[in-house]
Every structure is written in structure tokens, then in C-alpha cells.
Amino acid sequence: MDASLSPVPYGTLDLMVLKTLESVGPLHGYGIARRIEQVAQGSLSLNQGTIYPAILRLEQKGWIKGSWGASENNRRARFYSITAPGRKRLAAEADHWARTVGLVNRLLGNPS
Amino acid sequence: MTSLRAVFARVRAILLRRSHSDTLDAEIEAHLDLLSADYVRLGLSAADARVAARRDFGGVTQVKEAYRDTQRWAIVTHVVRDLRHGLRGLCRSPGFTTAAVLTLALGIAANAAIFGLVNPLLFRPLPVRDAERLTVFARHQKDGNTVTTFSSAEFDTLRTQASRWSNLVAVAPGMYGLTADGLTDRVAVSFVSENYWDAFGLQASFGALFRPTDAELQTAAPVIVLSDEYWRTRFDRSPSAVGKHISLGGVPLTIVGVGPQGFRGDSIFMDVKAFVPLHAPGFHAASRPSRVLGFLKPGFTLDQANASLGAMSDAMARDRREVPKDVRLMASWERFSRPSPHTARPEIATALIFGFLASFVLALSCVNVSSLILIRAAARRTEMALRTALGASRPRLALHLLIETLLLVTAAGIAGLVLGDGLTIALGRLLPRFLAPFTGELGFGFDWRVAAFTVMVICLTTIAVGMVPALRATRTSLEALHHNGPTATQGRTRLRRGLMMLQVAGALMLLTVAGLFARSLAATRVLPFGFDRRGVSDFGLNPAEIGDVGNVAQDRLKAVLAAVTVLPGVDAATLTQSVPMTSENYSEAQVYGEGLPLAAPKIQEVGYSSVSPTYFETLRIPLRDGRPFSSADTSTAPRVAIVNAAMANRYWPNGNALGRRFRLNSESAPAVDVVGVAANILNYSVMQDEATPFFYLPLEQHPTPSVTLHVRSERPAATMFRDVNAAVRTVAPDIVPFNVQTMADAIEAAPDGLLLPRLGAWLAMSFALLGLVLAVVGVYGVIAYGASQRAREMALRIALGAGPQDIRREVLKSGLGVVAGGLVLGLGLAATFARLTANLYFGVSALDPATFATAVLVVGGTAFVACYVPARRAMRVDPVSALKDA
């Protein structure tokens with residue numbers, strides 16, 4: 001594994017999945033993984049499989065919901081979309097994240 | 001909200017296990033397809049694309065596992081699987097399982113039994129409303145005495161002025177003959193203040209209960225309420241019992257109702273059969289001292305409330321002509337005041353001590369099973385290493401082992417409860433007579449407290465037994481897979497040896513305590529009681545219970561004595577106010593004398609008993625001087641007394657007590673002539689100082705209606721019981737003999753008699769036996785296992801020329817070192833425990849060297865044998881096969 005690639009920071013995968021679904025619309029698991037990798041522009045080492053437990057977690061909390069559909073190559077695949085509570089949650093998480101990052105940045109002495 | 005949804009989702013997933021994992025499979029397939037399609041587009045071959053897709057995706061199995069863990073509570077499925085797995089594992093090694101379960105069951109049984117014994121007496125609340133706020137009033141004196149009874153004036157003061165309490169009740173107990181339909185029973189009766197039933201929030205199970213409002217009615221037509229149990233046993237639950245006219249101690253009363261089911265009065269130690277209003281005419285109950293109970297009002301702590309009693313306490317002391325600062329009026333919680341609110345409570349201390357011994361036995365069995373599991377774990381190292389290699393985490397493995405232990409302990413707990421229940425009943429039989437009614441009815445048996453206690457013991461035991469092995473066993477490296485055979489790890493050996501040392505020490509402590517109790521018991525067997533209790537049968541008689549007092553009572557008692565004396569086989573018979581060591585009916589009197597050193601500021605109170613002339617002859621108490629009482633010492637004759645040697649020595653140290661005079665309770669009372677000096681006997685307790693002053697008065701001159709009839713005969717006790725009862729029935733059909741038993745039995749069962757040494761010896765010896773067995777098994781197991789671990793080393797030594805003796809010495813040396821350490825530790829433990837409990841032993845010093853030496857010899861010797869047997873086996877190791885196996 002390339003040492004310059006950082007692993008997914010703990011607890012942020014759920015946030016990434018939510019954000020992806022919010023900005024792109026309904027996607028299947030592969031699509032979500034792809035999209036996250038694209039946005040990361042190769043700076044992230046993602047085991048694509050790990051998004052499935054994350055998806056399940058979000059579904060159990062009712063923040064996303066899934067339905068069966070057909071993929072590009074006509075396979076049965078599950079498409080996920082963000083729900084209203086999911087959007088609310090995303091807003092809250094994003095805000096919290098921004099504040100955390102701001103705080104850490106200030107502590108490290110490079111105001112952004 | 002969201003978490004609730006997650007819970008539902010998880011529960012659904014557990015129920016619909018299959019369909020969900022199918023969904024995941026489909027999703028993963030779709031994912032891999034899309035991914036490899038992209039790679040194909042980038043120019044890879046179909047096969048290469050598939051491989052690349054797999055690589056990007058990561059481990060499919062791990063993802064599924066993580067997915068499943070999210071889906072359900074991983075721990076639940078793991079536990080279920082571990083339970084099944086553990087059960088199979090335990091069934092596969094029945095020897096280990098049986099040994100472990102039995103060992104623990106014995107330990108748990110010992111604890112359940114002790115708890116079961118103490119539970120109904122000390123913990124079970126009274127079946128009344130707000131029992132947790134119920135308090136008992138008492139006056140605690142500076143010298144340690146506690147007075148728990150109050151006069152009716154004092155009760156009125158408390159009722160009107162103790163503002164932090166509500167619903168105060170007064171209870172005066174008594175024993176009476178209850179005559180209904182021509183049959184007389186001797187029953188315990190409580191005279192209770194009229195608000196009794198309302199205060200306790202109790203309802204009649206049949207008929208009606210008396211209320212404060214109908215006090216006047218009760219004076220006109222006196223009433224009685226039966227206990228539910230007495231209604232059942234005596235009147236067969238007949239509705240016609242209510243309204244029946246009966247007589248209690250000769251006073252006519254009407255039964256108006258039956259108390260609630262299971263209610264036996266407000267004292268756990270009494271089995272009250274009937275309740276009568278305190279002011280019912282004919283009993284003068286209101287003028288008797290009574291126990292006062294009350295409910296602390298909500299919002300006050302007991303300490304605050306007690307602080308408010310100060311002025312009342314002082315006033316009460318002044319009225320009683322006591323020094324106010326020497327006595328404190330206080331209320332204590334009823335549930336912590338059984339049998340009485342004394343500050344020093346020997347019953348509890350004794351129960352705690354035996355509880356401690358029982359938990360010690362359990363601790364020893366835990367240690368034993370711990371080492372069994374450790375030994376088993378060593379054999380399972382390969383299994384553990386394999387599971388680690390396959391990806392099981394350490395907490396998972398530890399959990400698995402703990403669950404196995406839990407299974408073991410639960411099985412042991414169930415077996416222990418069954419055993420313990422039997423043990424409790426057996427112990428209950430040893431308890432004194434006054435508890436006898438409870439062993440059957442109230443039952444020392446199962447209730448939720450016993451269940452909760454046992455579950456708690458099981459949990460603690462699981463942790464105690466399982467924690468160390470679980471943590472140890474999971475600290476396995478993969479190396480274990482390479483080394484095909486077990487290799488002794490230094491740390492683990494040290495742990496096992498530590499446990500073995502504890503076992504030896506524990507066994508030594510238990511055995512020492514048992515030895516001390518056994519010697520106490522032996523000491524009581526040769527005790528100079530001063531009287532001959534063998535061949536004597538006792539019969540309690542009390543004409544006052546049927547309303548006969550004064551001369552009538554005495555004449556009837558005399559008639560009974562005369563009839564019994566002439567029965568065939570009767571050598572002697574006598575009436576007495578009190579029976580030695582049974583603490584019934586003792587009286588004390590202040591002694592004022594001529595020539596007595598009573599100018600001392602403190603007036604001496606001396607115990608006495610009224611007896612018939614034949615008393616000394618019947619109990620074979622020698623007279624040192626003077627004469628016994630005679631039939632000439634009647635109520636009109638000059639007053640006489642016989643003093644014991646201790647009293648003679650204390651008050652007339654120059655000898656010649658004969659002819660001296662003293663007065664009872666007041667300087668103006670009629671003088672009493674000393675006409676005899678009797679040998680000292682143990683009047684109060686086996687532990688008493690022999691030289692306690694005591695004196696005797698003729699029953700005729702100091703009559704009391706409540707007496708015990710002693711009958712001496714060579715005939716079997718059963719014959720005497722039958723004949724004497726028949727004789728009493730003929731002479732006085734309405735007087736019912738009670739407490740019919742041999743004098744020896746009465747003393748055996750009396751708390752001040754032989755009960756404690758007997759109960760103690762019995763319990764401590766069974767605990768010690770258990771401890772010894774556990775230690776033998778433990779030592780043997782550890783040594784045998786250690787020797788088998790070192791088989792290869794021994795084989796090498798033999799191959800290099802060591803003789804069998806050297807091998808034996810080697811194994812023995814390692815074992816005996818640990819045993820010696822355990823003995824030293826055990827001596828320390830035993831000495832500490834014995835000194836803390838020194839007042840339980842009798843006739844033997846708590847640090848009795850002979851007892852300690854015997855215990856060391858027994859434990860040391862047994863442990864030596866337990867070491868020697870495996871050492872001999874190690875000696876015979878066959879070097880060729882041992883080396884080949886390794």
C-alpha cells in the first residue's frame with residue numbers, strides 16, 4: 001500500500017456517504033465508493049467493502065433508505081438515497097466537523 | 001428515536017437472518033461486477049479485472065463479518081454460540097465437569113444454608129404496611145443493658161409527645177390457657193393497644209378486627225382475635241369459630257375475627273396465636289410493661305427523630321429514679337432489632353462469623369476449580385492458538401472461557417441450592433426450641449432473597465473462578481502451534497503454586513477453628529454442672545394461664561406434685577421456678593443484709609429461684625452445710641433461704657453463713673434466715689463464672705404460678721412423659737404441661753446451654769472437612785500436573801543417570817516447599833481469626849497450642865500424601881517413551 005495514502009479517518013465514513021448521497025442523488029454502493037475516491041483524488045485509501053457496514057448503519061438509523069434498481073450493466077443493485085432526517089443530521093455533522101477542524105487548526109497555529 | 005429504530009432493525013435482522021445476508025451477497029456481487037467492468041474498460045482482461053476488483057474491495061469475508069456485527073448485536077450471537085460450544089466442551093470432559101460442579105456446589109451450599117438460616121430471622125420484613133419505617137423503642141442504659149418495655153403511662157407519653165412518629169402501638173405478651181369446647185391449649189397471646197390493626201394496615205381474613213373506636217364496646221363484651229394459623233389448626237377454618245365464647249386464663253371472651261394470613265404478631269421470635277385489646281377487663285394488661293413500636297414519619301431520619309426524644313428521655317429516667325444521663329430513650333429500626341435492640345448483638349456477630357467461614361469454604365472451592373480450569377487451559381493451548389490464528393480477538397476468547405465457567409457455576413449453583421436447602425433444614429433442627437415453630441411454617445426454605453443471594457454468589461463465583469484463567473489462557477502466542485507438546489511456562493506455574501498455597505492455608509485455618517469448637521464441645525461434656533441432668537424429665541406448668549393464682553394455684557401445683565411423686569418408677573420430683581441455663585423465669589432481688597458489706601454504694605442484685613423441698617435431692621445438688629427446705633417451711637413459718645457457696649463466701653467470708661439473715665428488695669422487708677449452703681451450680685450459662693452468687697427460697701413462702709416440674713426416674717423418658725401427662729390430666733385436667741422434654745435436651749438446645757458449642761462444632765467441622773478435601777484435591781492436581789509437565793525433563797535426567805530416588809525427591813521438594821509456605825500462611829490466618837472470635841470458644845484458649853499443632857499435623861500430613869503419590873508416579877516415568885512422545 002502506498003504510504004502517502006491516509007486511511008479513512010475514524011468516524012468520517014458515515015459523513016462522507018451522507019454527503020455523497022446528498023450532492024449526487026440516489027447511488028448504489030459502488031457508485032458511492034467511486035464518488036468518494038474521485039473527490040479524494042487519490043489521497044485516500046478506501047477498502048470499498050467497508051462502506052457496506054456504514055451504509056447499513058445509516059439505514060438502521062433512518063438517515064438513508066435503499067431500494068432495488070438496475071445498474072449500468074443491468075444487474076440488480078440497491079440504490080440509496082438520503083432521507084429528510086439524514087439531511088438534518090448531515091447539516092449538524094458538517095457543522096460539528098467544521099467547528100472541530102477550526103479548533104484544531106487554531107490550536108496548531110495556522111488559521112484558515 | 002433513531003437509536004430505537006436501530007434496535008428494531010437489529011432485532012428484525014436477528015429474526016430474519018437468512019434474507020439479509022442474501023441481500024448483502026447480491027450487493028457485493030453487483031459491486032464487484034461494476035468494478036471489474038471499469039477495469040475491463042481500462043484494458044485489463046476479464047480475469048485480471050476480476051482480481052483487481054477483489055483487491056480494491058478488500059476482504060469479502062471481513063466485510064460480511066463487520067456487516068453482520070452491525071446488523072445484529074454481535075455479542076448476542078457470540079454468547080449464544082459460546083453457550084452451545086461451551087456446553088459441548090463440558091460434556092466432552094465429564095470428569096472435569098463433575099469435579100468442578102461438585103466442588104463449587106459444596107461451597108455454594110454452605111453459603112446458601114447459612115444465608116437461608118439467617119434470612120427469615122433477620123432480613124425478612126414483618127408483613128405489615130410500611131414495614132421499612134417501623135421502629136422499636138428502647139431505653140439504652142450506660143452499663144450496656146437495654147430495657148425494651150414501657151409502662152402504660154410511658155406509652156401514653158410517647159404516643160402523645162413523640163411527634164416524629166405516627167401510629168404507636170403497645171404490645172404486652174403472655175402465655176395463657178385458651179379453653180374452647182372443653183379443651184385447653186397453651187397459647188402465646190399479645191395484649192395490644194386498640195389501634196394495633198389500623199396502625200399496621202391489616203385486614204381480617206375472616207370476621208372483624210377490633211378498632212380504637214369500639215373501645216367502650218370491648219369493655220362491655222370483651223373480644224379476642226385469633227391468628228389465621230391458629231384458626232386453621234384449632235378450628236379447622238370453621239366460620240362458626242367467630243362468635244364463639246371461649247375462656248382465656250379463666251376470663252370469658254368472644255372471638256370476633258381472624259387476623260390476616262401469615263401474620264404471627266409483631267415479633268419474629270414469637271408465634272402469637274391470639275390478640276386481645278390492651279384494656280380488656282380481667283387481665284390488667286395495661287399495667288404490664290409492654291413493647292412499644294411506631295412508624296417514623298416520612299421526611300425524618302431516625303437520628304434526627306431520636307434527637308427529639310431528649311427531654312422525654314430525661315423525664316422518664318427521673319420518674320424511674322434513674323440518673324438521666326445514664327440512660328437514653330431511642331428508637332431503632334425493627335428489622336435491625338431482632339430479637340432485641342441491644343447494641344451488642346451476639347446473634348448477628350455469630351451469624352456473620354459462620355457466614356465468613358462459609359464464604360471461606362466457597363473461596364477455597366473457587367481456588368480449586370480455578371486451578372482445574374488452568375490445568376485444562378494448558379491442555380487447550382493449541383486450540384486457543386488456532387482460534388487466535390483464525391482471527392478471534394482476545395476479548396472474544398476470554399468471553400468464551402468466562403461463559404464456560406458461568407455454565408459450570410450455574411450448574412453448581414442449582415446443585416448447591418438443593419443441597420443447601422436440605423442443610424438449612426438440618427441446621428434448623430439444631431436451633432433452640434423457641435424457633436421450632438418457624439422451621440416448619442415460616443420455612444428456612446426458598447424465597448426471593450435466597451434466590452437473589454444465590455444468583456449473586458454465582459456471579460461472584462464465576463468472576464472469581466473464571467477471570468484469572470480466562471486472561472491467562474488467552475495470552476497465548478502463535479508459538480503454541482509450533483511446540484506440539486505443552487511446555488511449562490514459568491508464570492503459569494507460579495500462579496498454580498500460589499493457588500495451591502492458598503488452599504493449604506485455608507484448610508489449616510478451617511481445621512483450626514473446627515478444632516477449637518470441638519475442644520469447646522468436649523470441655524462442656526466434662527463441665528462441672530453441679531447438678532445431675534441425666535434421668536430428669538421436665539414439664540412446664542402454669543395455673544395462672546387458666547386464671548388460677550395465689551393459694552389456689554399453689555394448692556393445685558402441690559396436688560400435681562403429690563400425684564407425680566407416687567407414680568411407679570419416680571425416684572424424686574420437685575417444682576422449681578427456674579431451670580438452670582434455660583434463662584426462663586429467673587428473678588433477681590436486691591439483697592440487704594445483717595453483717596453484709598452492703599454499705600457499698602451499689603446495691604447487689606442476686607439471682608434466686610423458688611423451689612420445693614425436694615429440689616436438691618431431685619437434681620442431686622449437694623448441701624455443704626445446714627439443712628434442705630422441709631414441709632415445715634410453710635407460708636406461716638419463719639422465712640428461710642438456702643444460699644450457694646459463692647454467696648456464702650462473698651457475704652460471710654469467715655464461714656458460718658448459717659443463721660445469718662438478709663432482706664429482699666427493701667430494708668423493711670421481713671428478714672430471711674440462712675438455713676443451708678448449697679454447692680455452686682451453673683445457673684445461668686455454661687460460660688458463667690462458677691462463683692456467681694445465687695440463693696433459693698421455699699416455693700411455699702415465695703409462690704409463683706409458673707413452674708417447671710422436674711421428675712427423676714430410671715425409666716425411659718418417653719414412658720415418663722406419658723405417665724406424668726396422664727397423672728396431671730387426672731389431677732388437674734385444665735392445666736396443660738408445656739415444654740415437655742428431658743432436662744438434658746433442654747440444656748442442649750438452650751442458647752446459654754450447649755447450643756453454641758454444639759452448633760459451632762458441627763458447622764465448623766463440616767466446613768473443615770470440606771476444606772481438607774478441597775486442599776487434597778488441589779495439591780494432588782497441581783503436583784501431578786507439574787510432574788507430567790516435567791516428564792521430558794525427568795526422562796532426560798534418568799537417561800543421564802539420575803536414580804528414581806532423585807526424581808522423587810525433586811518432585812516432592814517442589815511440592816513440599818509450597819505446602820510449607822501454605823502452612824505458615826494458614827497459621828497466621830488461623831491465629832488472627834481465632835483471636836477475633838475468642839469469645840465463641842469455651843474451656844480452651846483461642847490460641848491453644850495443641851489444637852494448632854494437631855491442625856498443622858493433619859493438614860501437613862495430608863498434603864504430604866497428596867504430594868507423595870504423584871511424586872512416586874513421576875519416579876516410574878519410562879525415559880524412552882517420555883522422550884519419544886515429546
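In chain B, R876(B) sits in the loop that joins α28 (849-875) to α29 (879-885), where helices (H or I, at least four residues) and strands (E, at least two) are DSSP runs, numbered from the N terminus. The structure is a predicted model, in which local features need pLDDT of at least 70 and side-chain atom pairs count only at pLDDT 80 or more, while totals for chains, interfaces and linings use all residues. Residues are numbered from 1 along each chain as its sequence is written, chains are lettered from A and ligands numbered from 1 in the order in which they are written, and side-chain values use heavy atoms, with hydrogens and water left out.

R876(B) counts as exposed because its relative accessibility is 55%; here buried means under 20% relative accessible area, exposed over 50%, and partly exposed in between (1.4 Å probe, protein chains only).

## The fold of chain A

Chain A has 4 helices and 5 strands, and these elements follow one another from the N terminus in the order β-α-β-α-β-α-β-β-α. Of the 112 residues in chain A, 39% count as buried. Among the contacts in chain A with a separation of 6 or more, 49% are between residues 24 or more positions apart, a contact being heavy atoms within 4.5 Å.

## Where chain A meets chain B

The contact between the two chains takes 27 residues from chain A and 27 residues from chain B. Together, chain A and chain B bury about 2,200 Å², of which 61% is on carbon and sulfur atoms; buried area is the accessible area (1.4 Å probe) that two parts lose on being put together, summed over both. On the side of chain A, the residues Y30(A), Y52(A) and Q60(A) supply 32% of the area that this chain buries against chain B, more than any other three residues.

The rule finds 1 salt bridge across the interface of chain A and chain B, a salt bridge being a side-chain nitrogen of Lys or Arg within 4 Å of a carboxyl oxygen of Asp or Glu. The side chains of R34(A) and D38(B) meet in a salt bridge, with a distance of 2.6 Å from N to O. Between chain A and chain B, 4 residue pairs are in polar contact, both residues at pLDDT 80 or more; a polar contact is a pair of N or O atoms within 3.5 Å, and within protein one must be able to donate a hydrogen and the other to accept it, while residues adjacent in sequence count only if both atoms are side-chain atoms. The elements α2 (29-40), α3 (51-61) and β5 (76-82) of chain A each supply at least two residues of the side that touches chain B, and α3(A) gives the most, with 6 residues. The residues on this side of chain A divide into 10 nonpolar, 10 polar and 7 charged, where Ala, Val, Leu, Ile, Met, Phe, Trp, Tyr, Cys and Pro count as nonpolar, Asp, Glu, Lys and Arg as charged, and the others, Gly among them, as polar.

## Two helix residues of chain B

T512(B) has its place in helix α19 (residues 490-525) of chain B, and T512(B) counts as buried because its relative accessibility is 1%. The side chain of T512(B) reaches the backbone oxygen of L508(B) at 2.6 Å. Apart from its neighbours within four places in sequence, T512(B) is in contact with A830(B), T851(B), F852(B) and A855(B).

R729(B) lies in helix α23 (residues 717-731) of chain B, and R729(B) counts as exposed because its relative accessibility is 55%. R729(B) and V560(B) are 169 residues apart in sequence, and their C-alpha atoms are 9.2 Å apart in space.

## Positive phi angles and cysteines

N167(B), which is not a glycine, has a positive phi of about 55°. N167(B) is found in strand β4 (residues 165-180) of chain B and is partly exposed, with a relative accessible area of 36%. R237(B) is likewise not a glycine and has a positive phi of about 55°; R237(B) belongs to the loop between α10 (228-235) and β8 (245-248) of chain B, and at 37% relative accessibility R237(B) counts as partly exposed.

A search of the whole structure finds 0 disulfides over all chains, a disulfide being a pair of cysteine sulfur atoms within 2.5 Å. Regarding individual cysteines, C91(B) is exposed, with a relative accessible area of 59%, whereas C867(B) is buried, with a relative accessible area of 1%.
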